[in-house]
Amino acid sequence: MRRKGIKSIAVLVSAASLLVGCWDRQEIEQQLSVSALAIDRHGDRLRVTIQVPVPVKIVGSGSGESGGGGQEAVQLFSAAGSNLNDAFKNVQKQLNEELSFGHLRLVIISEELARQGLRDITDALARNAEVRRRLWPLVTVGEAARALKASPKLEQVPTTFFTDMLENQSKRERMVEKTLGHLLADMTDEAKDPIVNYIKASEKSVNWVGTALFKGYRMVDHFGEEDSWVLMHLRDGKRGSKFTSGCPDGKPGQLTIEPKAAKRRLTFDESRFKFHIAVRLDAVINEKTCRGLNLQTEASEAAVEKAFEQLFEERARRVVHRLQRARADALMLGPHVRAFHPDLWDRLDWPDAFSRADIVVSYDVRIKGRGAIYR
Amino acid sequence: MSRQTGQGMTAHQKQTTQTAAGEKVISFWQSMTYVSNTILGVSVLTLPRDLAATTKSDAFSAIIAAALFTMVVVWLFTRLGQRFPGLTLVGYAQRLLAARSNRKLGRWLSLPLLMMFAVWWICVVAVVIRIFGEVQRSAVFPETPLWFMVGSMLLTGAFVARSRADVIGRLNEFLFPLIIIPLLLIGLSSLTDVEWTNVLPLMHMGWKSFLLGTLSAFFAYQGVSVVSIAMASYQQPQKALQAHVAGIGLVMILYILVTVSTIGVFGYSEVQRLMWPTLELVKTAPGIIFERVEAGFLAIWVVAVFTTVANLLTAIVHLISEYFAIGENGQPVLIIGLAVAVFMIAMWPSDVQETFEWARMVGLAGAWGAATVTPVLFLLAKVRGRGREAEGN
């Protein structure tokens, strides 16, 4: 009897459970997927601009005329608010469906705002469980919303174009691979300071113009392209991109090399508090307009190597000097000290110690090829 | 010889405790998975944060130290189980606490001890399902009410709680790879993103932070005491120690992998700020096939929580029904009562913060119990010479 009663209750409960809906059901057509987000300062408030792909304008999505990509396939919405979520709330008021940040790939922040400090913005982003850590944060010259208005036609959605650009170029070690996850981790870590890709918007695309240097949560400086590549040599042993120098003998003409591999070796002399960063760069010559320079001879090859070593070391000195002036350790020296000299680390006030440290950079450039031309 | 005494004990025990598990059904492999699955639950999501807060970069020594401590505890339980083959905690606690002639006294004296175990296990289940609910709420189901997530997990566990020992053994054996393999993959795939300077220096911390770290890591191993019930059903109790130690060791390796990856990827200062660091690691992990694996990870993690809840609930039901001689017919009522109690405790903390405080309290109580009750039981058995004398040493 009793067993039967329990069985019928079980059947009843399981039947009833079919009638229950789902609290968190959210149909995909009832979402507005934000693919890119731009954040600007608006007086003492924030202005956010979101880029939302228009599904019917995307090729292969059934009916409707498919657009040619670029700005035709997306729509921008913008609103201001006292903080990030207040601004999102105000954007939501203009929209028919629920904003969703699960597909957010790009966060563009204006330099003005970055220099003011990003503590509140990164907090809001990190707190949102939908936001991925693998998205790309960028700092832009001027207005951030302008970067979202750029209209590259090569991909259907501009965001995809930009993230492809960032992914490919950072894989080739020409841009820094700094995602939101890295930014958040580097901001909180007392031993290092973050760098972020720095861009400038044009009409058709955005232009990578270097890296923005942060001291904790605040942007304090920015480096141009070549300085950024040198910084990448010094920081991670990444190879950067092409460099051009004058002829080693001082005659008119130019010489361009492309680094193929880079290696960074850091040594630290605890007693003298001296860091030595040795960078080994294997490069090939791409272009030579120096008359009379014959690359066949070992002496001239050595002269070319020497010229580039001087060029890099000169740049590196300036970069290091600027980092020390900003008291921002973007060279990853702090983690090294903490990891391998923990007793010393415990006694140090790192920003101060870094700014006063003796940091020597030496380059070892090796020309490994000169293309299809013999001389 | 030993087999004979074993059977004699079982028959003898049936007189006093009515429903003790007599059949030897749990295999060696099953007992190992039983230990691993019971331990692996919600704490794998929060362990990196607790350790980053206490031991900073040097998390793995605390994990190993806590595992060694757990192994000592489980060694005591295993030896007890081997001394009293076929008997559960309920059976041998009664024998240990009073003279042979005075069974009634033993029965009464063991009651507070057994209730302590039962209440603590109930609290562990409650905390586990509550944290489970909090994770689901903050990560994937923001609109779903908490009682539903807590209740549905509890209901699923309660359905299993009446099962016979062989069912529990097979359940754990079957679900084990489902839990372990994805966790291993997540840990391993994240290793490529680890900045090794984040996990150094090693062995650079004070004793205080090491002990605090070991204590919080020990919270992540709680629940091994269920072997005191399950061991009575082992096919090869003489090999139980190897199985138990292997089960703990496996979890230890997994914990080290997950914690080192998490701290290595984020750095300890960021990990301290994260609510569910391991989940955050999954969200950051480079996708192998899919770009976003956290939904899949959570689905698998549900299984890990389920095995913890099911194993603990089964142990509670067994303990109570054995002591009070509750038969097949009474068990549903017992389970319903238990489920209501667990549900109420689970829903009691008002927010996540309070839940974590409860979890800490339950963990502390467990550590305290493991450090006092288990050795006392073991010493009683040794000093009073109870149980089978022919111990395999």
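Which side chains meet in a salt bridge with an N to O distance of 3.1 Å?

Guide: The side chains in question are those of A:Arg133 and B:Glu270, which form a salt bridge with 3.1 Å from N to O. Please keep in mind throughout that this is a predicted model, and that the distances and angles below are computed from its atoms.

This pair belongs to the boundary between the two chains, where the count of salt bridges between chain B and chain A is four. The boundary brings 34 residues of chain B into contact with 29 residues of chain A. Between them the two chains bury about 2700 Å², and 49% of that area is on carbon and sulfur atoms. Over all chains, the count of salt bridges comes to 35. One that lies within a chain joins A:Arg315 to A:Asp227, whose closest N and O atoms are 2.8 Å apart. That pair links distant parts of the chain, since A:Arg315 sits in helix α9 (residues 298-326) of chain A while A:Asp227 sits in helix α8 (residues 225-236) of chain A, with 88 residues separating the two.

Turning to how the helices of chain B are packed, one may begin with α5 (residues 89-96) and α6 (residues 103-139), whose axes lie 8 Å apart at an angle of about 135°. With that angle, α5(B) is oblique to α6(B), and their crossing is right-handed. On the α5(B) side the contact is made by B:Leu89, B:Val90, B:Ala93 and B:Gln94, and these meet B:Gly106, B:Arg107, B:Ser110, B:Leu113, B:Leu114 and B:Phe117 of α6(B). Sorted by class, the residues of this contact are six nonpolar, three polar and one charged.

A second pair in chain B consists of helix α13 (residues 277-284) and helix α14 (residues 294-323), whose axes come within 9 Å and cross at roughly 140°. These two helices are therefore also described as oblique to each other. Here B:Thr278, B:Leu279, B:Val282 and B:Lys283 of α13(B) touch B:Glu294, B:Phe297 and B:Leu298 of α14(B), and the contact divides into four nonpolar, one polar and two charged residues.

Helix α14(B) has a further partner in helix α15 (residues 331-347) of chain B, the axes coming within 11 Å and crossing at roughly 125°. That angle makes α14(B) oblique to α15(B), and the crossing is right-handed.

In chain B, the peptide bond leading from B:Leu200 to B:Pro201 is cis, its omega being near -5°, and B:Pro201 is placed in the loop between α8 (165-190) and α9 (207-219) of that chain. In chain A, A:Phe273 has a positive phi of about 50° although this residue is not a glycine, and its place is the loop between β12 (254-269) and β13 (274-288) of chain A.

Definitions and conventions:
Residues are numbered from 1 along each chain as its sequence is written. Chains are lettered from A and ligands numbered from 1 in the order in which they are written. This is a predicted model: local features need pLDDT of at least 70, side-chain atom pairs count only at pLDDT 80 or more; totals for chains, interfaces and linings use all residues. Side-chain values use heavy atoms; hydrogens and water are left out. Axes are lines fitted to C-alpha atoms, for helices over the stretch in contact, and angles run from 0 to 180 degrees between N-to-C directions. Helices (H or I, at least four residues) and strands (E, at least two) are DSSP runs, numbered from the N terminus. Angles under 35 degrees count as roughly parallel, over 145 as roughly antiparallel, 65 to 115 as roughly perpendicular and the rest as oblique. A crossing is left-handed if the near helix is turned anticlockwise from the far one by less than a right angle, and right-handed if clockwise. Contact means heavy atoms within 4.5 Å. Ala, Val, Leu, Ile, Met, Phe, Trp, Tyr, Cys and Pro count as nonpolar, Asp, Glu, Lys and Arg as charged, and the others, Gly among them, as polar. Buried area is the accessible area (1.4 Å probe) that two parts lose on being put together, summed over both.
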